[in-house]
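Colleague: I would like to learn how to read a sheet and a core from coordinates. Please give the general idea before each case.

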Amino acid sequence: MRRPMQDGFGRKIDYLRISVTDRCNFRCQYCMSEKMTFMPKSELLTLEEITLIAERFIGHGIRKIRLTGGEPLVRRDMKDVIQRLGRKVASGELEELTLTTNGSLLTEYADHLSAHGVRRINVSMDTLDPDRFSEITRGADVNIVLDGIKAASEAGIHVKINMVAVRDFNEADLLPMARYCAERGHDLTIIESMPLGDVGADRQLAHISADEFLAPLRDRYSIAPIPHRSSGPARYVSVEPLGLRLGLITPLSNNFCDDCNRLRLTTDGKIFMCLGHNAHVDLRAAVRQNGIAAVDRLLQKALKLKPQRHDFNAQLDGSAEILERHMNVTGG
């Protein structure tokens with residue numbers, strides 16, 4: 001096994017997030033605009049390009065891969081992508097293959113995911129209330145997601161719910177969500193909203209720190225840090241006596257960049273070294289012009305370009321320009 005890659009700050013890079021599509025069947029208000037323009041399909045990486053680039057990354061020490069989007073399961077050849085990368089898990093070349101999804105297609109995909117080495121998934125769901133869910137997703141049905149989560153659990157996949165904290169919108173939904181997760185053995189992660197792309201709303205007004213968002217939970221339960229870690233940036237606490245493992249992703253209120261172990265491959269083949277910076281290298285152009293071996297040289301360039309920290313705080317307070325790139329392009 002090759003040693004993990006290191007960036008210019010000595011951080012071990014062993015985790016790759018692959019956005020397989022920028023398309024989504026939801027229109028979540030903090031993620032994209034209502035009338036979103038998607039990339040032409042010719043600009044997206046093909047199935048072969050995704051798997052070949054992933055294999056090259058695995059050869060350089062990537063041990064964990066997360067498939068994201070947009071909504072990854074809307075991609076028509078997604079079952080083939082999962083099957084091919086699942087072989088790397090079966091062979092031991094890849095430690096973990098995971099997925100972030102809105103859950104709407106899990107009833108169709110749960111058994112396939114389980115059969116090809118996916119042992120845990122993240123499901124984005126910001127409220128259990130049908131009306132508020134429809135509002136924040138611009139029309140989706142929460143019951144379809146709940147059915148999908150049930151199907152995944154029955155297929156033996158561990159589910160973690162990702163809940164984005166939005167001020168004056170879903171604070172009242174935290175307690176019902178915590179109880180729902182605890183009753184079913186799901187983890188819950190609270191995510192602070194990040195200033196990416198023009199979504200037609202004031203980012204600063206919508207932002208709420210995880211600490212403030214947790215106030216209703218703290219009033220009723222005991223919250224204490226625990227040493228559990230996943231492959232991502234979340235720090236974890238236990239919520240007792242509820243019996244809930246709660247993750248906190250706090251890019252603005254509690255920076256976690258010192259431990260960053262990630263690179264991101266976008267749906268059009270660009271490697272972004274940081275979600276909060278525009279610096280990138282274009283793998284798609286290099287691979288199509290010079291073949292898969294071009295990945296090796298560009299990987300070293302990407303590692304050198306990886307910044308020490310993101311600029312989300314400056315972007316939120318207006319002292320730095322908000323990135324035009326939407327979350328659905330880079331991947332969650």
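Colleague: What is the order of the strands in the open sheet?

Modeller: Strands of a sheet pair through backbone hydrogen bonds, either parallel or antiparallel. In this predicted model, 12 strands form an open sheet with mixed pairing, ordered β9-β10-β11-β8-β7-β6-β5-β4-β3-β12-β13-β14. Strands are DSSP runs of E, at least two residues, and helices are runs of H or I, at least four, numbered from the N terminus; two strands pair if DSSP finds at least two bridges between them.

Colleague: Which strands stand at the edges?

Modeller: β9 (222–225) and β14 (280–282) do; each has a single partner strand, so one side of each lacks a neighbour in the sheet. β8 (residues 187–192) pairs with β11 (residues 244–249) in the parallel sense over four bridges, and T189 has G247 of β11 as its bridge partner.

Colleague: Which residues have the most contacts inside the largest nonpolar core?

Modeller: In soluble globular proteins, nonpolar side chains tend to be buried together. A nonpolar core is a set of buried Ala, Val, Leu, Ile, Met, Phe, Trp, Tyr and Cys residues joined through side-chain atoms within 4.5 Å; buried means under 20% relative accessible area (1.4 Å probe, protein chains only). Here the largest has 81 residues, and those with the most contacts inside it are F57, I65, L67, L188, I190 and L246. Another core, of eight residues, lies apart from it, with V164 and Y236 among them.

Colleague: How should I treat the numbering and cut-offs?

Modeller: Residues are numbered from 1 along each chain as its sequence is written, and side-chain values use heavy atoms, without hydrogens or water. Local features need pLDDT of at least 70 and side-chain atom pairs count only at pLDDT 80 or more, while totals for chains, interfaces and linings use all residues.

Methods:
Buried means under 20% relative accessible area, exposed over 50%, partly exposed in between (1.4 Å probe, protein chains only).
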